[in-house]
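Trainee: I have this one open on my screen and would like to talk it through with you. Could we begin with how the chains meet?

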Amino acid sequence: MTAQSNETTAYTEPGIKGMVSDWVGDKQVFDMPWGKLMMWLFLLSDTFIFSVFLTGYMNVRLSATDSWPNTSEVFALTIFGSHLPLVLIAIMTFILITSSGTMAMAVNFAYSGNKRVTVILITLTAILGASFVGMQAFEWSKLIEEGVRPWENPFGAAQFGSAFFMITGFHGLHVTGGVIYLLVVARKVARGDYDKKGYAIVEIVGLYWHFVDLVWVFIFAFFYLW
Amino acid sequence: MSEEAGQQHPIGIYLKIWLLLFVLSAFSYMVDFFQLQGYLRWTLILVFMFLKAGLILAIFMHVAWERLSLQYVLFVPPIALVVLVTLMAIEGDYTFLTRLDFFDR
């Protein structure tokens with residue numbers, strides 16, 4: 001918080017030269033609150049976890065000799081008499097994107113000092129996240145009822161079940177954890193815990209939430225659409 | 001370093017990106033809805049996926065405005081993942097061919 005602004009310590013020079021001076025200068029390398037840097041490092045490690053799951057899924061799908069279940073049909077629903085392919089997953093995708101939007105707004109309002117709107121937007125994000133988890137629970141129950149297990153399923157290659165439960169389950173856990181995290185931060189913002197410290201925490205929880213949305217983009221593309 | 005100098009940008013850009021993400025998601029869903037198949041399907045899925053991921057990372061997560069020091073920390077290590085995916089794709093293909101050879105079918 002000591003704003004030093006002489007030439008060797010300022011974080012103003014762009015590009016490669018700026019990066020070199022960040023690393024060699026007599027200062028901390030990353031120009032951000034430590035919590036934000038720690039969140040970024042956590043998200044980097046989480047990227048590896050999800051990538052390994054998706055790579056495992058790719059591997060078993062490539063090597064399966066039975067035909068892979070047609071996800072378009074497996075996740076189809078009949079709503080008001082019309083048969084819609086993959087519709088629940090599409091709705092879940094839109095909900096998560098909407099929640100990312102409200103989260104981005106929350107960060108914006110937090111930095112401009114509007115506490116009330118920030119709390120409302122974070123809570124709204126948490127509610128959308130919770131509804132996402134609810135739909136996932138519905139989807140899981142539906143598939144389990146239809147006989148999908150990690151070791152077998154009536155639609156095709158047995159590996160489908162293990163990949164599905166593992167990947168969507170781990171993502172669902174992240175969303176659930178995110179909802180709790182959001183609610184905790186919302187309560188603390190409302191209580192005024194950050195009035196003196198500044199609102200970087202909202203940006204940090206936002207990074208986590210956007211990451212969960214980011215992972216869903218990949219799951220949606222590779223698991224559901226491919 | 002100051003805590004208050006966090007990422008602050010005009011609200012309009014978030015709204016525009018939000019809208020764009022909605023449109024891109026709708027396009028991804030359309031790929032399945034109209035049952036496009038083969039290389040066209042895979043290409044479109046990947047294009048929409050990378051556009052969405054890029055927008056979320058660059059704008060919502062503010063990576064576009066972060067310093068190069070952080071950008072490199074985020075984007076260099078995942079190169080290892082590209083190697084892993086390549087190796088596992090080769091391996092999966094090999095397992096598939098081996099199974100065709102040895103399974104009683």
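Trainee: How many residues does the contact take from chain B, and how many from chain A?

Mentor: The contact takes 47 residues from chain B and 51 residues from chain A, where two residues are in contact if their C-beta atoms, placed from the backbone, lie within 7 Å. Keep in mind that this is a predicted model, in which local features need pLDDT of at least 70 and side-chain atom pairs count only at pLDDT 80 or more, while totals for chains, interfaces and linings use all residues. Residues are numbered from 1 along each chain as its sequence is written, and chains are lettered from A and ligands numbered from 1 in the order in which they are written.

Trainee: Switching to chain A, what angle do α5 and α6 of chain A pack at?

Mentor: Helix α5 (residues 115-145) of chain A and helix α6 (residues 159-191) of chain A pack at about 160°, with their axes 9 Å apart; the axes are lines fitted to C-alpha atoms over the stretch in contact, and angles run from 0 to 180 degrees between N-to-C directions. α5(A) and α6(A) are therefore roughly antiparallel, a term for angles over 145 degrees.

Trainee: And which residues of α5(A) meet α6(A)?

Mentor: Among them are Val119(A), Ile122(A) and Phe132(A), and the α6(A) residues they face as a group include Val175(A) and Leu182(A).

Terms used. Helices (H or I, at least four residues) and strands (E, at least two) are DSSP runs, numbered from the N terminus. Angles under 35 degrees count as roughly parallel, over 145 as roughly antiparallel, 65 to 115 as roughly perpendicular and the rest as oblique.
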